[in-house]
Amino acid sequence: MKIFQIALGILAAIGGFVDIGDLVFNVSAGATFGYQLLWVVVIGVIGIITYSEMCGRVAAISGKAVFDAVRERLGFKTGLMALIAAQVVNLMTLTAEIGGVAICLQLLSGLPYRWLILIAGAALAVVVWVTSFDWIERVFGYGGLCLLVFAVAAVKLHPVWGAVGHGFVPHVDTKSPLLYAYFAIGLLGAAMTPYEVYFYSSGGIEERWGPKDLGLNKANAMIGYGLGGFLSFALMIVGGSLFLDKGIEPEFLGSITIGAEVPLGQIGLLLALVGILFAVGGAAIDTLFSGAYALAQFLGWEWGRYRHPRGAPRFTVTWLVLLVIALGLVMTGVDPVQLTEYAVIFSAVALPLTYIPILLVANDRSYMREYTNGTLANVLGLIYLVVILVISLTAIPLMILTNVGQN
Amino acid sequence: MGRARDERVHQHRQETVSRGLALCLLAFLLTGCNGGTVDRHALERDAEKVGSLATEGELLANDVSKGASTKNFARVHAQELSRAASNFADALAKRPTSPGIEARVRRLSKLAGKVSDELEQLHRHPTDRDVAASLQQPLSEDADAADQLSK
């Protein structure tokens, strides 16, 4: 079944592009600036496709995932810094996603939030323990496709299509340029968040990709992340069409689903909630695995969900420990939406430490033989390295200057 | 001599870096704070937020009145919005204000409390279409009042 073979890209993209923070960030961008920031999503999508294709190719040809490359190319000390940054951001994101799963379950069931956190944690542990990697991809990736209800909602809200089209042309038409820049940097950082490539490249190795799978890698990167970008467009258009004129600032997960409820009624609401549940659950699994992959690859441990848990005991213990820590953090009552917005901005700082080694290894003939980067991949890779450097230098100053996007 | 001077320079640099980091941390922590004096800008922002909560509540009430929402969603989300409005009411009632805007700040606090109470009704009666319909107009008026206070 060829359709099932692009599940990795879909899960990586849905987990990465439309996790709890991105959902709120995209709709907030629409509610604040209308359709003006659609072009930023396009830039983010091309960037993540470029680097995911690269690291998928590296995984298929050399059998090395991102953190193998980080350790080998950056050396132990710098690699350790990258590892620590990655683990902190992963843990913040994982905490937020578990909170997001609990909020979604609460909006569906009405049960108490704290009980649902425990249920969400237990369910994630069982799913990761008993389900094969292939089926995790399929269930969460394709379940997340319920989010396509936002595309229908966007059309039903009758946006001004000329203004939507104009949004794809880079322009700045606002009295709040700093806030505009904050949202632009946040959207780019969210599109290129590092855990997407940790998960994607390790997933390629979980699926035992080889040279014959390079076409599949391209299809996964382009279709998966293209779909993630399409969902981001839909969310931003919903924000611009429904919330901007009314002066609503969507700050809750429930606010996002009103964007599907108003034009489509109960069925829209339920599809949106189920889609968000799978997308946020998928993002929790992405980040849970990414944390364990990064540590195991950096320290040279046996790793992989394709192995029996006893075949990779330190990898298994790592994801279990990460899950328990995240559960403890979310039980403190931290706001998952705010936490993930901080995670997006902090992850922007760690971007160069993730993407520079990928570009170096993808050009190394001793690893890649005849499969090194072509001209297009290198030109795009270098352009995006500049973009990444700008993001990493400006993310935190903009967060402070705009009071986390509040001013 | 040279070594001692190098050490002093090194120490000075370390202190400068430490102070810089401390300032960054302070600035970062301040971005997350919701306290301090309410000045005109803060009043404007808080009024916009209260107006946003009222308008979102109005949308939700409208959906409930048409049977377009679900019981659990309406109950949980109305409570979320009500709590947020209640937090504004409490904070604006207590925080010191800049001279000349105290009356407007207290008016906004009362308005936020009213929005919170209305949303609490929606939380308690998430399937009652009549209650939801009766809340739309007051929430719409609250949003307009908040809009006036933000100007």
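Tutor: The side chains of A:Glu251 and B:Lys49 form a salt bridge, with N and O 2.3 Å apart; the term denotes a side-chain nitrogen of Lys or Arg within 4 Å of a carboxyl oxygen of Asp or Glu. Between chain A and chain B the count is three salt bridges.

The model is a predicted one, in which local features need pLDDT of at least 70 and side-chain atom pairs count only at pLDDT 80 or more, whereas totals for chains, interfaces and linings use all residues. Residues are numbered from 1 along each chain as its sequence is written, chains are lettered from A and ligands numbered from 1 in the order in which they are written, and side-chain values use heavy atoms, with hydrogens and water left out.

Polar contacts are also found across the interface of chain A and chain B: 12 residue pairs, both partners at pLDDT 80 or more. Such a contact is a pair of N or O atoms within 3.5 Å; within protein, one must be able to donate a hydrogen and the other to accept it, and residues adjacent in sequence count only if both atoms are side-chain atoms.

On the side of chain A that touches chain B, the elements giving two or more residues are α4 (66–109), α12 (253–299), α14 (336–362) and α16 (375–401) of chain A. Helices here are DSSP runs of H or I with at least four residues, strands being runs of E with at least two, numbered from the N terminus. The most comes from α12(A), with 11 residues. By class, this side of chain A has 15 nonpolar, 12 polar and four charged residues. Ala, Val, Leu, Ile, Met, Phe, Trp, Tyr, Cys and Pro count as nonpolar, Asp, Glu, Lys and Arg as charged, and the others, Gly among them, as polar.

In total, 31 residues from chain A and 27 residues from chain B take part in the contact, which means heavy atoms within 4.5 Å. The size of an interface is often given as the accessible area lost when the parts come together. Here the area buried between chain A and chain B is about 2500 Å², with 59% of it given by carbon and sulfur atoms. Of the area that chain A buries against chain B, A:Leu107, A:Glu249 and A:Phe252 supply 22%, more than any other three residues. Buried area is the accessible area (1.4 Å probe) that two parts lose on being put together, summed over both.
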